[in-house]
Amino acid sequence: MAVRTPIGDTPAGFLEALLAGRSAITRWQGIDTSQIEVKIGGDLSAYDLTGRMEALGSRLPESVFQRLRRLTARVPWSARLSLQMAAEAWLDAGAFENSPAPNAVATIVAGSNLNSGFDHVVRAAFAKNPDGIVPLAALHTLDTNHGACATELLSLRGPLHSVGGACASGNMALRAALDEIRHHDAEAALVLAPVLDLSPVELHSMALMGAVSRVSFNDEPHRASRPFDAAREGFVPAHGGGALVLESLERAQRRGARIYTELVGVAASSAANHHTRPSAGDEAALIGRLLRNCGVAPDQVDYVNAHAASTRLGDLAEIRAIKQAFGAHAAQLKINATKSMLGHTCWSSAIVETIAVLLQMEAGRLHPTINVDHLDPEIDLDVCANSAADHQPQTVLKNAFGFGGINCVSLLRR
(Lines give C-alpha, C1' and ligand atoms only; values in the text may rest on other atoms or scores of the structure.)
Protein backbone atom coordinates (compact mmCIF):
# COMPACT_ATOMS: atom_id res chain seq x y z
CA MET A 1 0.00 0.00 0.00
CA ALA A 2 0.90 3.67 -0.32
CA VAL A 3 -1.06 6.75 0.71
CA ARG A 4 -1.03 10.53 0.29
CA THR A 5 -3.25 12.73 2.46
CA PRO A 6 -2.73 16.10 4.16
CA ILE A 7 -2.51 14.32 7.54
CA GLY A 8 -0.22 11.45 6.57
CA ASP A 9 1.88 10.27 3.65
CA THR A 10 3.05 6.97 5.13
CA PRO A 11 0.89 4.15 6.50
CA ALA A 12 2.27 4.65 10.02
CA GLY A 13 1.81 8.42 9.96
CA PHE A 14 -1.65 8.11 8.45
CA LEU A 15 -2.77 5.67 11.14
CA GLU A 16 -1.37 7.83 13.93
CA ALA A 17 -3.27 10.87 12.65
CA LEU A 18 -6.51 8.92 12.25
CA LEU A 19 -6.39 7.47 15.75
CA ALA A 20 -5.65 10.94 17.13
CA GLY A 21 -8.69 12.38 15.35
CA ARG A 22 -6.65 14.93 13.40
CA SER A 23 -8.48 16.94 10.74
CA ALA A 24 -7.02 17.51 7.27
CA ILE A 25 -9.33 20.39 6.46
CA THR A 26 -7.96 23.92 6.08
CA ARG A 27 -8.64 26.86 3.80
CA TRP A 28 -7.60 26.18 0.21
CA GLN A 29 -4.18 27.64 -0.60
CA GLY A 30 -3.37 25.97 -3.91
CA ILE A 31 -6.72 26.70 -5.58
CA ASP A 32 -7.93 30.21 -6.37
CA THR A 33 -11.21 30.52 -4.49
CA SER A 34 -11.57 34.30 -4.89
CA GLN A 35 -14.58 33.98 -7.20
CA ILE A 36 -16.30 31.01 -5.58
CA GLU A 37 -18.04 30.27 -2.29
CA VAL A 38 -16.09 27.09 -1.50
CA LYS A 39 -13.16 28.17 0.66
CA ILE A 40 -12.13 25.03 2.56
CA GLY A 41 -10.84 21.56 1.78
CA GLY A 42 -8.08 19.04 2.27
CA ASP A 43 -5.17 20.70 0.48
CA LEU A 44 -2.04 18.84 -0.69
CA SER A 45 -0.88 21.54 -3.11
CA ALA A 46 2.15 22.44 -0.96
CA TYR A 47 3.25 18.82 -0.55
CA ASP A 48 7.03 18.40 -0.74
CA LEU A 49 7.27 16.20 -3.81
CA THR A 50 10.99 16.82 -4.26
CA GLY A 51 11.90 15.89 -0.71
CA ARG A 52 9.77 12.77 -0.85
CA MET A 53 11.31 11.68 -4.15
CA GLU A 54 14.84 12.14 -2.88
CA ALA A 55 13.97 10.08 0.20
CA LEU A 56 13.00 7.24 -2.15
CA GLY A 57 16.45 7.29 -3.73
CA SER A 58 18.02 4.93 -1.22
CA ARG A 59 15.06 2.52 -1.26
CA LEU A 60 14.47 2.00 -4.97
CA PRO A 61 16.63 0.10 -7.46
CA GLU A 62 18.88 2.65 -9.16
CA SER A 63 17.33 2.16 -12.60
CA VAL A 64 13.83 2.65 -11.20
CA PHE A 65 14.85 5.77 -9.30
CA GLN A 66 16.36 7.29 -12.44
CA ARG A 67 13.13 6.60 -14.32
CA LEU A 68 11.20 8.20 -11.47
CA ARG A 69 13.32 11.36 -11.70
CA ARG A 70 12.95 11.52 -15.47
CA LEU A 71 9.20 10.93 -15.49
CA THR A 72 8.58 13.34 -12.62
CA ALA A 73 10.21 16.14 -14.58
CA ARG A 74 7.78 15.67 -17.47
CA VAL A 75 4.31 15.15 -15.98
CA PRO A 76 1.80 17.33 -14.08
CA TRP A 77 1.49 17.55 -10.31
CA SER A 78 -1.09 14.81 -9.71
CA ALA A 79 0.75 12.32 -11.94
CA ARG A 80 3.94 12.98 -9.94
CA LEU A 81 2.08 11.92 -6.81
CA SER A 82 0.80 8.83 -8.65
CA LEU A 83 4.34 7.85 -9.63
CA GLN A 84 5.52 8.05 -6.03
CA MET A 85 2.55 6.05 -4.73
CA ALA A 86 3.05 3.34 -7.37
CA ALA A 87 6.73 3.02 -6.44
CA GLU A 88 5.99 2.90 -2.70
CA ALA A 89 3.20 0.33 -3.02
CA TRP A 90 5.49 -1.87 -5.14
CA LEU A 91 8.18 -1.50 -2.48
CA ASP A 92 5.75 -2.37 0.31
CA ALA A 93 4.70 -5.48 -1.61
CA GLY A 94 8.31 -6.65 -1.87
CA ALA A 95 7.74 -6.83 -5.62
CA PHE A 96 11.11 -5.45 -6.68
CA GLU A 97 12.78 -8.52 -5.14
CA ASN A 98 10.16 -11.01 -6.28
CA SER A 99 8.22 -9.52 -9.16
CA PRO A 100 5.54 -11.28 -11.16
CA ALA A 101 6.15 -11.62 -14.87
CA PRO A 102 5.78 -8.11 -16.38
CA ASN A 103 2.87 -9.17 -18.60
CA ALA A 104 1.06 -10.78 -15.64
CA VAL A 105 0.42 -7.53 -13.73
CA ALA A 106 -2.71 -5.49 -14.46
CA THR A 107 -2.63 -1.73 -13.81
CA ILE A 108 -5.97 -0.14 -12.98
CA VAL A 109 -6.57 3.57 -12.44
CA ALA A 110 -9.50 4.57 -10.22
CA GLY A 111 -11.43 7.63 -11.34
CA SER A 112 -12.26 9.82 -14.30
CA ASN A 113 -11.68 13.48 -15.17
CA LEU A 114 -8.73 13.32 -12.78
CA ASN A 115 -6.76 16.22 -14.22
CA SER A 116 -9.26 19.07 -14.13
CA GLY A 117 -6.92 21.52 -12.41
CA PHE A 118 -4.22 20.98 -15.03
CA ASP A 119 -6.80 21.20 -17.82
CA HIS A 120 -8.17 24.45 -16.34
CA VAL A 121 -4.71 26.04 -16.41
CA VAL A 122 -4.02 24.81 -19.96
CA ARG A 123 -7.30 26.22 -21.27
CA ALA A 124 -6.61 29.58 -19.66
CA ALA A 125 -3.16 29.62 -21.29
CA PHE A 126 -4.70 28.60 -24.64
CA ALA A 127 -7.10 31.56 -24.49
CA LYS A 128 -4.10 33.90 -24.25
CA ASN A 129 -1.72 32.14 -26.65
CA PRO A 130 -2.63 28.82 -28.33
CA ASP A 131 1.00 28.06 -29.18
CA GLY A 132 2.09 28.62 -25.58
CA ILE A 133 0.41 25.61 -24.04
CA VAL A 134 2.22 22.50 -22.80
CA PRO A 135 2.88 20.45 -25.97
CA LEU A 136 1.85 17.17 -24.33
CA ALA A 137 -1.34 18.60 -22.82
CA ALA A 138 -3.57 16.21 -24.77
CA LEU A 139 -1.65 13.27 -23.28
CA HIS A 140 -1.42 14.66 -19.75
CA THR A 141 -5.17 15.23 -19.48
CA LEU A 142 -5.90 11.51 -20.04
CA ASP A 143 -6.86 9.58 -16.92
CA THR A 144 -4.89 6.60 -18.18
CA ASN A 145 -1.70 8.69 -18.21
CA HIS A 146 -1.38 8.07 -14.46
CA GLY A 147 -1.32 4.34 -15.09
CA ALA A 148 0.86 4.62 -18.18
CA CYS A 149 3.48 6.48 -16.16
CA ALA A 150 3.34 3.81 -13.46
CA THR A 151 3.79 1.01 -16.01
CA GLU A 152 6.83 2.75 -17.49
CA LEU A 153 8.28 3.28 -14.03
CA LEU A 154 7.79 -0.35 -12.96
CA SER A 155 8.20 -1.99 -16.40
CA LEU A 156 4.72 -3.53 -16.28
CA ARG A 157 3.31 -4.92 -19.53
CA GLY A 158 -0.05 -6.34 -18.50
CA PRO A 159 -3.42 -4.71 -19.22
CA LEU A 160 -3.85 -1.05 -18.33
CA HIS A 161 -7.18 0.72 -18.00
CA SER A 162 -9.13 3.22 -15.93
CA VAL A 163 -12.41 2.64 -14.09
CA GLY A 164 -14.76 5.54 -13.45
CA GLY A 165 -17.55 5.32 -10.92
CA ALA A 166 -17.66 8.82 -9.40
CA CYS A 167 -17.24 8.54 -5.60
CA ALA A 168 -17.37 4.74 -5.90
CA SER A 169 -14.44 4.58 -8.34
CA GLY A 170 -12.02 3.08 -5.83
CA ASN A 171 -14.23 0.09 -5.08
CA MET A 172 -15.00 -0.30 -8.79
CA ALA A 173 -11.24 -0.48 -9.41
CA LEU A 174 -10.92 -3.22 -6.77
CA ARG A 175 -13.72 -5.09 -8.54
CA ALA A 176 -11.83 -4.82 -11.84
CA ALA A 177 -8.64 -6.03 -10.14
CA LEU A 178 -10.45 -9.09 -8.79
CA ASP A 179 -11.70 -9.85 -12.28
CA GLU A 180 -8.20 -9.57 -13.75
CA ILE A 181 -6.84 -12.08 -11.21
CA ARG A 182 -9.82 -14.46 -11.00
CA HIS A 183 -10.94 -14.57 -14.62
CA HIS A 184 -7.99 -13.46 -16.74
CA ASP A 185 -4.34 -14.41 -16.47
CA ALA A 186 -3.09 -11.72 -14.08
CA GLU A 187 -1.04 -12.83 -11.08
CA ALA A 188 -1.26 -9.39 -9.50
CA ALA A 189 -2.80 -5.98 -9.98
CA LEU A 190 -1.65 -2.47 -9.12
CA VAL A 191 -4.69 -0.36 -8.22
CA LEU A 192 -3.80 3.31 -8.40
CA ALA A 193 -6.19 5.95 -7.03
CA PRO A 194 -4.71 9.33 -8.05
CA VAL A 195 -5.14 12.57 -6.20
CA LEU A 196 -7.99 14.40 -7.94
CA ASP A 197 -6.58 17.66 -9.31
CA LEU A 198 -9.55 19.87 -8.51
CA SER A 199 -10.19 23.20 -10.20
CA PRO A 200 -12.37 26.14 -9.13
CA VAL A 201 -14.93 25.03 -11.71
CA GLU A 202 -15.80 21.72 -9.98
CA LEU A 203 -15.77 23.33 -6.56
CA HIS A 204 -18.14 26.08 -7.67
CA SER A 205 -20.44 23.58 -9.38
CA MET A 206 -20.57 21.51 -6.19
CA ALA A 207 -21.60 24.65 -4.32
CA LEU A 208 -24.34 25.44 -6.85
CA MET A 209 -25.61 21.87 -6.40
CA GLY A 210 -25.80 22.42 -2.65
CA ALA A 211 -23.57 19.37 -2.12
CA VAL A 212 -20.67 20.87 -0.16
CA SER A 213 -20.05 22.69 3.10
CA ARG A 214 -19.78 26.40 2.32
CA VAL A 215 -21.66 28.39 4.97
CA SER A 216 -21.11 27.61 8.62
CA PHE A 217 -17.50 26.46 9.02
CA ASN A 218 -15.30 28.60 6.77
CA ASP A 219 -13.69 30.13 9.85
CA GLU A 220 -13.33 26.73 11.55
CA PRO A 221 -12.41 24.38 8.69
CA HIS A 222 -11.49 21.52 11.01
CA ARG A 223 -15.15 21.33 12.14
CA ALA A 224 -16.68 21.29 8.65
CA SER A 225 -16.67 17.57 7.86
CA ARG A 226 -19.10 16.08 10.38
CA PRO A 227 -20.74 12.82 9.28
CA PHE A 228 -23.75 11.78 11.39
CA ASP A 229 -23.87 15.13 13.21
CA ALA A 230 -27.15 17.03 13.20
CA ALA A 231 -25.42 20.19 11.88
CA ARG A 232 -23.81 18.60 8.81
CA GLU A 233 -24.34 20.69 5.71
CA GLY A 234 -22.45 18.93 2.92
CA PHE A 235 -19.21 17.17 2.12
CA VAL A 236 -15.79 18.82 2.11
CA PRO A 237 -13.78 18.18 -1.08
CA ALA A 238 -10.20 17.11 -0.49
CA HIS A 239 -6.98 15.97 -2.05
CA GLY A 240 -5.92 12.42 -1.27
CA GLY A 241 -4.75 9.30 -3.05
CA GLY A 242 -3.57 5.77 -2.55
CA ALA A 243 -2.29 2.62 -4.19
CA LEU A 244 -2.79 -1.06 -3.41
CA VAL A 245 -1.18 -4.21 -4.75
CA LEU A 246 -3.52 -7.20 -5.04
CA GLU A 247 -2.22 -10.70 -5.65
CA SER A 248 -3.56 -14.21 -5.82
CA LEU A 249 -3.40 -15.94 -2.45
CA GLU A 250 -1.37 -18.81 -3.88
CA ARG A 251 1.36 -16.57 -5.25
CA ALA A 252 1.46 -14.41 -2.12
CA GLN A 253 1.90 -17.48 0.09
CA ARG A 254 4.44 -19.03 -2.25
CA ARG A 255 6.73 -16.01 -2.04
CA GLY A 256 6.14 -15.40 1.68
CA ALA A 257 4.52 -12.02 1.13
CA ARG A 258 3.20 -9.84 3.92
CA ILE A 259 -0.58 -10.12 3.59
CA TYR A 260 -2.68 -7.29 5.03
CA THR A 261 -6.08 -8.81 4.37
CA GLU A 262 -8.24 -10.90 2.06
CA LEU A 263 -10.46 -9.07 -0.38
CA VAL A 264 -13.42 -11.44 -0.32
CA GLY A 265 -15.60 -9.75 -2.90
CA VAL A 266 -16.97 -6.56 -4.41
CA ALA A 267 -20.52 -5.89 -5.62
CA ALA A 268 -21.93 -2.99 -7.63
CA SER A 269 -25.29 -1.57 -8.66
CA SER A 270 -26.95 1.62 -9.83
CA ALA A 271 -30.01 3.39 -8.45
CA ALA A 272 -31.54 4.20 -11.87
CA ASN A 273 -31.36 7.91 -11.06
CA HIS A 274 -28.79 10.40 -12.35
CA HIS A 275 -29.32 12.88 -9.51
CA THR A 276 -27.39 13.00 -6.25
CA ARG A 277 -30.29 11.33 -4.51
CA PRO A 278 -29.18 8.34 -2.39
CA SER A 279 -31.45 5.32 -2.14
CA ALA A 280 -31.36 3.36 1.14
CA GLY A 281 -33.25 0.48 -0.47
CA ASP A 282 -30.75 0.10 -3.31
CA GLU A 283 -27.81 0.34 -0.92
CA ALA A 284 -29.30 -2.26 1.44
CA ALA A 285 -30.07 -4.64 -1.43
CA LEU A 286 -26.48 -4.37 -2.67
CA ILE A 287 -24.99 -5.05 0.77
CA GLY A 288 -27.22 -8.13 1.06
CA ARG A 289 -26.17 -9.36 -2.38
CA LEU A 290 -22.48 -8.94 -1.54
CA LEU A 291 -22.85 -10.96 1.66
CA ARG A 292 -24.73 -13.74 -0.13
CA ASN A 293 -22.24 -13.86 -3.00
CA CYS A 294 -19.37 -14.13 -0.50
CA GLY A 295 -21.10 -16.76 1.65
CA VAL A 296 -20.90 -14.49 4.69
CA ALA A 297 -23.75 -14.23 7.18
CA PRO A 298 -24.70 -10.70 8.31
CA ASP A 299 -23.75 -11.46 11.89
CA GLN A 300 -20.19 -12.34 10.79
CA VAL A 301 -19.54 -8.70 9.87
CA ASP A 302 -18.31 -6.70 12.85
CA TYR A 303 -17.16 -3.36 11.39
CA VAL A 304 -18.41 -1.01 8.67
CA ASN A 305 -16.22 1.73 7.26
CA ALA A 306 -19.00 4.00 6.08
CA HIS A 307 -19.13 6.16 2.98
CA ALA A 308 -20.54 8.86 5.30
CA ALA A 309 -19.65 12.01 3.39
CA SER A 310 -21.35 14.47 5.80
CA THR A 311 -24.37 15.19 3.59
CA ARG A 312 -27.88 15.59 4.95
CA LEU A 313 -29.47 12.84 2.84
CA GLY A 314 -26.53 10.55 2.24
CA ASP A 315 -25.62 9.81 5.84
CA LEU A 316 -29.21 8.99 6.77
CA ALA A 317 -29.71 6.79 3.70
CA GLU A 318 -26.57 4.81 4.56
CA ILE A 319 -27.59 4.25 8.18
CA ARG A 320 -31.06 3.14 7.03
CA ALA A 321 -29.44 0.77 4.53
CA ILE A 322 -27.20 -0.74 7.23
CA LYS A 323 -30.24 -1.32 9.45
CA GLN A 324 -32.15 -2.94 6.59
CA ALA A 325 -29.26 -5.16 5.54
CA PHE A 326 -28.15 -6.28 9.00
CA GLY A 327 -31.42 -6.22 10.94
CA ALA A 328 -30.97 -6.59 14.70
CA HIS A 329 -27.23 -7.21 14.22
CA ALA A 330 -26.78 -3.56 13.15
CA ALA A 331 -26.76 -2.58 16.82
CA GLN A 332 -23.66 -4.76 17.34
CA LEU A 333 -21.65 -3.21 14.51
CA LYS A 334 -18.80 -0.79 14.92
CA ILE A 335 -19.08 2.00 12.34
CA ASN A 336 -16.83 4.95 11.64
CA ALA A 337 -16.37 7.67 9.03
CA THR A 338 -12.86 8.36 7.76
CA LYS A 339 -14.16 11.39 5.85
CA SER A 340 -14.79 13.16 9.17
CA MET A 341 -11.04 13.78 9.21
CA LEU A 342 -9.98 13.64 5.57
CA GLY A 343 -12.95 15.26 3.93
CA HIS A 344 -14.09 13.63 0.70
CA THR A 345 -11.16 12.63 -1.52
CA CYS A 346 -13.75 11.95 -4.20
CA TRP A 347 -12.80 9.31 -6.79
CA SER A 348 -9.93 7.95 -4.68
CA SER A 349 -11.92 7.85 -1.44
CA ALA A 350 -12.71 4.12 -1.39
CA ILE A 351 -9.02 3.23 -1.84
CA VAL A 352 -7.77 5.77 0.70
CA GLU A 353 -10.39 4.57 3.19
CA THR A 354 -9.67 0.90 2.47
CA ILE A 355 -6.07 1.63 3.43
CA ALA A 356 -7.45 3.16 6.65
CA VAL A 357 -9.38 -0.08 7.22
CA LEU A 358 -6.30 -2.25 6.72
CA LEU A 359 -4.26 -0.15 9.14
CA GLN A 360 -7.00 -0.30 11.77
CA MET A 361 -7.22 -4.08 11.36
CA GLU A 362 -3.49 -4.33 12.03
CA ALA A 363 -3.62 -1.95 14.99
CA GLY A 364 -6.69 -3.46 16.65
CA ARG A 365 -8.07 0.04 17.10
CA LEU A 366 -10.76 1.98 15.27
CA HIS A 367 -10.38 5.69 14.66
CA PRO A 368 -13.04 8.11 15.90
CA THR A 369 -15.68 9.81 13.83
CA ILE A 370 -14.86 13.38 14.78
CA ASN A 371 -17.09 16.47 15.01
CA VAL A 372 -20.13 14.62 16.31
CA ASP A 373 -21.35 17.39 18.60
CA HIS A 374 -25.02 16.43 18.41
CA LEU A 375 -25.71 13.01 16.92
CA ASP A 376 -28.57 13.06 14.41
CA PRO A 377 -31.57 11.72 16.36
CA GLU A 378 -32.26 9.06 13.71
CA ILE A 379 -28.71 7.69 13.94
CA ASP A 380 -28.75 5.30 16.89
CA LEU A 381 -25.88 2.97 15.93
CA ASP A 382 -22.32 2.92 17.29
CA VAL A 383 -20.48 5.36 15.02
CA CYS A 384 -17.38 5.72 17.25
CA ALA A 385 -18.41 9.29 17.99
CA ASN A 386 -15.36 11.37 18.95
CA SER A 387 -13.43 8.48 20.50
CA ALA A 388 -11.15 5.77 19.17
CA ALA A 389 -12.18 2.25 20.15
CA ASP A 390 -10.26 -0.92 20.88
CA HIS A 391 -11.57 -3.51 18.42
CA GLN A 392 -10.10 -6.36 16.38
CA PRO A 393 -12.02 -6.28 13.08
CA GLN A 394 -12.51 -9.70 11.53
CA THR A 395 -14.85 -9.09 8.60
CA VAL A 396 -15.32 -5.56 7.30
CA LEU A 397 -17.80 -3.90 4.95
CA LYS A 398 -16.46 -0.88 3.02
CA ASN A 399 -19.20 1.24 1.46
CA ALA A 400 -18.84 3.64 -1.46
CA PHE A 401 -21.80 5.47 -2.98
CA GLY A 402 -21.23 7.85 -5.89
CA PHE A 403 -22.94 10.67 -7.73
CA GLY A 404 -25.49 9.34 -10.20
CA GLY A 405 -26.62 6.46 -8.00
CA ILE A 406 -23.42 4.43 -8.47
CA ASN A 407 -23.13 2.00 -5.56
CA CYS A 408 -20.16 -0.29 -4.90
CA VAL A 409 -19.38 -2.17 -1.69
CA SER A 410 -16.48 -4.44 -0.78
CA LEU A 411 -15.90 -7.09 1.86
CA LEU A 412 -12.54 -7.56 3.59
CA ARG A 413 -11.61 -10.38 5.93
CA ARG A 414 -8.70 -10.86 8.33
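Which strands does helix α11 (residues 280–294) lie across? Helix α11 lies across β8, β13 (395–402) and β14 (406–413), and runs at about 145° to β8.

## Basis of the description

This is a predicted model, in which local features need pLDDT of at least 70 and side-chain atom pairs count only at pLDDT 80 or more, while totals for chains, interfaces and linings use all residues. Residues are numbered from 1 along each chain as its sequence is written, and side-chain values use heavy atoms, with hydrogens and water left out.

Helices (H or I, at least four residues) and strands (E, at least two) are DSSP runs, numbered from the N terminus. Two strands pair if DSSP finds at least two bridges between them. Contact means heavy atoms within 4.5 Å. Axes are lines fitted to C-alpha atoms, for helices over the stretch in contact, and angles run from 0 to 180 degrees between N-to-C directions.

An open sheet of 5 strands has the order β8-β14-β13-β9-β10, with mixed pairing. Its edge strands, each pairing on one side only, are β8 (262–270) and β10 (334–336). On average, neighbouring strands of this sheet are turned by 15° against each other, direction ignored. Strand β9 (residues 303–305) runs parallel to β10 and is joined to β10 by 3 bridges; Asn-305 stands opposite Asn-336 in β10.

Strand β4 (residues 105–110) is mostly covered, with 6 of its 6 residues buried (buried means under 20% relative accessible area, exposed over 50%, partly exposed in between, with a 1.4 Å probe and protein chains only). Val-105, Thr-107 and Val-109 point one way from β4, Ala-106, Ile-108 and Ala-110 point the other way, and all are buried.

β4 runs parallel to strand β6 (residues 188–193), to which 5 bridges join it. Ala-106 has Ala-189 as its bridge partner in β6. With strand β5 (residues 160–163), β4 pairs in the parallel sense over 4 bridges, and Ile-108 stands opposite His-161 in β5.

## Packing of α2 against α4

The axes of helix α2 (residues 49–56) and helix α4 (residues 77–92) come within 11 Å and cross at roughly 25°. The two helices α2 and α4 are therefore roughly parallel to each other (angles under 35 degrees count as roughly parallel, over 145 as roughly antiparallel, 65 to 115 as roughly perpendicular and the rest as oblique).

The contact is made by Leu-49, Arg-52, Met-53 and Leu-56 of α2 and by Trp-77, Arg-80, Leu-81, Gln-84, Glu-88 and Leu-91 of α4. These residues divide into 6 nonpolar, 1 polar and 3 charged (Ala, Val, Leu, Ile, Met, Phe, Trp, Tyr, Cys and Pro count as nonpolar, Asp, Glu, Lys and Arg as charged, and the others, Gly among them, as polar).

## Two residues with positive phi

Most residues other than glycine have a negative phi. Ala-272, which is not a glycine, has a positive phi of about 55°. Ala-272 is found in the loop between β8 and α11, and at 75% relative accessibility counts as exposed.

Cys-346 also has a positive phi, near 60°, in a residue other than glycine. Cys-346 lies in the loop between α13 (339–342) and α14. At 1% relative accessibility, Cys-346 counts as buried.
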